[in-house]
Amino acid sequence: MTQMGDATHPDISLVIPVFNEEAVLPALFIRLDALMAVIRGRVEILMVDDGSRDASAAMIVKRAAADPRYRYVGLSRNFGHQAAITAGMELAAGDAVIVMDADLQDPPETVLELIARWREGYEIVHARRRSRAGETRFKLWTASLFYRGLRALTKVDIPADVGDFRLVDRRAIETFRAMPEQDRFVRGMFGWMGYRQAVVEFDRDERAAGVTKYSLGKMVRLALDGVVGFSDVPLRLALWTGAIISLGSLLYGAYVVAMAIFGAGLVSGWASLAVLVSFLSGINLLMTGIVGVYVGRTHREVKQRPLYIVARDTGGQAAAAASAP
Ligand code: UDP
Ligand code: MG
């Protein structure tokens, strides 16, 4: 818990990934200042700039210069949301680390609830979306399908309707740091590691300003990382499909032989042949593709590249204290 006498050690770190959020930052700062005023204990706010190309960086740096509780960490390019929150959690110094969106979709009152559960002794406290305002029907529907599908495909306990808004205790952060996987599905990783976990419910607000930074492509990628990273059921699909088709062809073969012996009219059948050949080559390509996805993942793991590159870091309160005379 709090290291008494160490005035630079934060109790709570708020990690906020930022990608082109200039529209929402002024409102965010106001909200955060109000939130810090009601949190018991020392708070640090670590804003990870995931390669923003707008005024976000300048605005955060300015804020960090004015208020040492703010820290700006700028990545060298856009690494994606999951890499950005990984960077934030690895660099955060607090005893508890909370990840939340920059767009004010995650309400501050819920942050207080997360902290309350943590003080009760839970190492990981997830925030589950009871409702989601301002999302398209398409997003709600695909998300619901995805979480249920994922739960069916993996043995890992990944809570449904939980995004990356959660509190993580220092101990779980250390475990997280020891998981260097490249294609990250952070919510799955925390579900996987166990510890005492609790869930707090909240109603997700609409984005305060700006538009979603999760393109359809990024959403598909995240879903793929979730499935491929936590399940090998797709790989086994090839095995089972192969087995069933082989059995089918065996029976069909027996039928053809019987026809050749007892009947006539074997010459026709061009259509069935064409259908079979194209169907089977389709299945073949599909299965090779699935294997390819896993091989590609292995390839990325083997290269062992860093998950993110920090280009600029204003340092936290510790840095501010160290440079003070
Ligand atoms: N974000 C990021 N890198 C990206 C995409 C998004 O750091 O490549 C940040 C974004 O600024 C926001 C959070 O991740 O703070 C969640 O993104 P967003 O709110 O656009 O997603 P949604 O809530 O619509 O799913
Ligand atoms: Mg959002």
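**Burial, domain division and helical spans in the predicted model**

Gly188 is buried, as 20 other C-beta atoms lie within 10 Å of its own, a count that meets the threshold of 20 or more set for a buried residue. This glycine belongs to helix 7, which comprises residues 186–192. When neighbours within four places in sequence are left aside, the contacts of Gly188 are Val156, Ile158, Gly226, Gly229 and Phe230. Gly188 and Arg177 are eleven residues apart along the chain, and 14 Å separates their C-alpha atoms. The structure described here is a predicted model, and its positions are to be read accordingly.

Confidence was considered for the whole chain and for its parts. The mean pLDDT of the protein chain is 86, and 94% of the residues score at least 70. Among the elements of the protein chain, strand 4 (residues 96–99) has the highest confidence, at 96, whereas helix 11 (residues 317–323) has the lowest, at a mean of 57. The pLDDT falls below 50 over residues 1–5, a stretch that makes four contacts in the model beyond near neighbours in sequence. The model as a whole scores pTM 0.78 and ipTM 0.94.

The protein chain is divided into two parts: domain 1 consists of residues 12–230 together with 306–313, and domain 2 of residues 232–303. The centres of domain 1 and domain 2, taken over C-alpha atoms, are 43 Å apart. Contact between them involves six residues of domain 1 and seven residues of domain 2. In an unreviewed entry, UniProt lists residues 13–175 as "domain: Glycosyltransferase 2-like". In the model, the span 13–175 is 44% helix and 25% strand, with its end C-alpha atoms separated by 17 Å.

Helix 2 (residues 56–66) has a buried set made up of Ser56, Met59, Ile60, Arg63 and Ala64. These residues lie on the same side of helix 2, because the arc that they cover around the axis is only 130°. Ala58, Ala65 and Ala66, on the other side of helix 2, are exposed. The cover over the buried residues of helix 2 includes helix 1 (25–38) as well as strand 1 (12–18), strand 2 (43–49) and strand 3 (70–75).

A further buried position is found in a loop. Arg207 is located between strand 7 (197–204) and helix 8 (216–230), and is buried, since 20 other C-beta atoms lie within 10 Å. Apart from residues up to four places away in sequence, Arg207 touches Asp103, Gln105, Gly134 and Thr212. Arg207 and Leu112 are 95 residues apart in sequence, and the distance between their C-alpha atoms is 20 Å.

The UniProt annotation "transmembrane region", also from an unreviewed entry, covers residues 237–264 and 270–295. Residues 270–295 are 100% helix and 0% strand in the model, and the end C-alpha atoms of this span lie 37 Å apart.

Methods: Residues are numbered from 1 along each chain as its sequence is written. Chains are lettered from A and ligands numbered from 1 in the order in which they are written. This is a predicted model: local features need pLDDT of at least 70, side-chain atom pairs count only at pLDDT 80 or more; totals for chains, interfaces and linings use all residues. A residue is buried if 20 or more other C-beta atoms lie within 10 Å of its own, exposed if 12 or fewer, and partly exposed in between; C-beta atoms are placed from the backbone. Helices (H or I, at least four residues) and strands (E, at least two) are DSSP runs, numbered from the N terminus. The arc is that of the directions from the helix axis to the C-beta atoms. Two residues are in contact if their C-beta atoms, placed from the backbone, lie within 7 Å. pLDDT is the predictor's confidence in each residue, from 0 to 100. UniProt positions are given in the numbering used here, feature names are shortened, and annotations may be inferred rather than shown by experiment. Domain bounds come from an automatic or database domain assignment.
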